Every structure is written in C-alpha cells, then in structure tokens.
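Here's a quick briefing to read alongside the model. Keep the viewer open and click along as you go.

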Amino acid sequence: CVCVCACLAPATQKLLPFPVNGSWRKPALSARRLAEVRKAMGDDFPLPPKEKKPMRDPKPRKFVALKQQRLLDIEENMKKMPAMVEQFRKERLQARHAARLARELLPPYHLSIKPEVKAPKAPKAPKAPKIAKADRPT
C-alpha cells in the first residue's frame, strides 16, 4: 500500500473519472481500493473527504395524509346519525306493516299459485339401423 500512496500525489486527477477527447475514462483505482488508500493515508490524502448527503424523509403514506379530513367527515356524519337511525326505523316499520297487510289480505300462498301444466314431449325419431362392417361400401 505504501508504493500506491507514493504514486498518488502526482496523479490525483486519475483518482476520479476524467474526460479525454469528449469521452470519460475510468479512474486508475477502483472505489474500493481508493477507500483503502484514503483510510491508510488519513488526513494526508490529497482529495477532500466525500460529502455525505442527508437522507430524505420518506414520502408519507396516503392514509396518513388523508386522516385529518377523514376524521372531520366522521364527526360530521355522526352529528347526522340520530336522524338517519330514526328514518331507518320508520322505513323498516312501514315495510313490516306492508308485509303484514299483504299476508292478511292476499289468499294463502298455496291457493294463489296454480301448478304449471307441461306439454307432452314429441316422440323421438327412430335411429337408423347400424350397418355391419362386412356390408359397408369401401
């Protein structure tokens, strides 16, 4: 590693990718080897230390973003709930009264339904007799 450290000083431009005639060339040392050299040299390394970018906060989940509006909607709907329950019970009671009237006024179920008379099926046509293999034309 000492021999690599000695040759780094004049060739610091080759530690990073560099352009030649409009195309980029790879650095002389790979990122892993460069990290080893940087660690071995410590503060004497010719290049500035790498910048560490701060991590971004993750995007919030959709349900978290909509939670406040959802709670407001629930609160508003709960204020309407007594009227909705009263209306439901009223409709249910009317349906029960209508069913009771239908049972009392209409004739019993078995008398109001007449059995359906089915037409007799037409007889099937007789099948043609099978021809034996010896009698078949070839």
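Just past helix α2, Gly 42 adopts a positive phi of about 70°. Helices here are DSSP runs of H or I with at least four residues, strands are E runs of at least two, and both are numbered from the N terminus. This is a predicted model, where local features need pLDDT of at least 70 and side-chain atom pairs count only at pLDDT 80 or more, while totals for chains, interfaces and linings use all residues. Residues are numbered from 1 along each chain as its sequence is written, and side-chain values use heavy atoms, with hydrogens and water left out.

- Leu 34, Val 37 and Met 41 are the buried residues of α2, which spans residues 31-41; buried means under 20% relative accessible area, exposed over 50% and partly exposed in between, with a 1.4 Å probe and protein chains only.
- Looking down the α2 axis, those buried residues sit within an arc of 60°, so they line one face of the helix (the arc is taken from the directions from the helix axis to the C-beta atoms).
- Ala 31, Arg 32, Lys 39 and Ala 40 are exposed on the other side of α2.

**The salt bridge**
- Searching the whole structure turns up one salt bridge, meaning a side-chain nitrogen of Lys or Arg within 4 Å of a carboxyl oxygen of Asp or Glu.
- The partners are the side chains of Arg 32 and Glu 36, at 3.1 Å from N to O.
- Both Arg 32 and Glu 36 belong to α2 and are four residues apart, about one turn of the helix.
- Arg 32 counts as exposed because its relative accessibility is 52%, whereas Glu 36, at 39%, counts as partly exposed.

**The β1-β2 loop**
- Asn 21 sits in the loop between β1 (18-20) and β2 (23-25).
- Asn 21 has a positive phi of about 55°, even though it isn't a glycine.
- With 83% relative accessibility, Asn 21 counts as exposed.

**Helix α3**
- Met 78 is part of helix α3, residues 62-105.
- Its relative accessibility is 52%, so Met 78 counts as exposed.

**The whole chain**
- The protein chain has four helices and two strands, in the order α-β-β-α-α-α along the sequence.
- Of the 138 residues in the protein chain, 7% are buried.
- Taking contacts (heavy atoms within 4.5 Å) between residues at least 6 apart in sequence, 36% join residues at least 24 apart.
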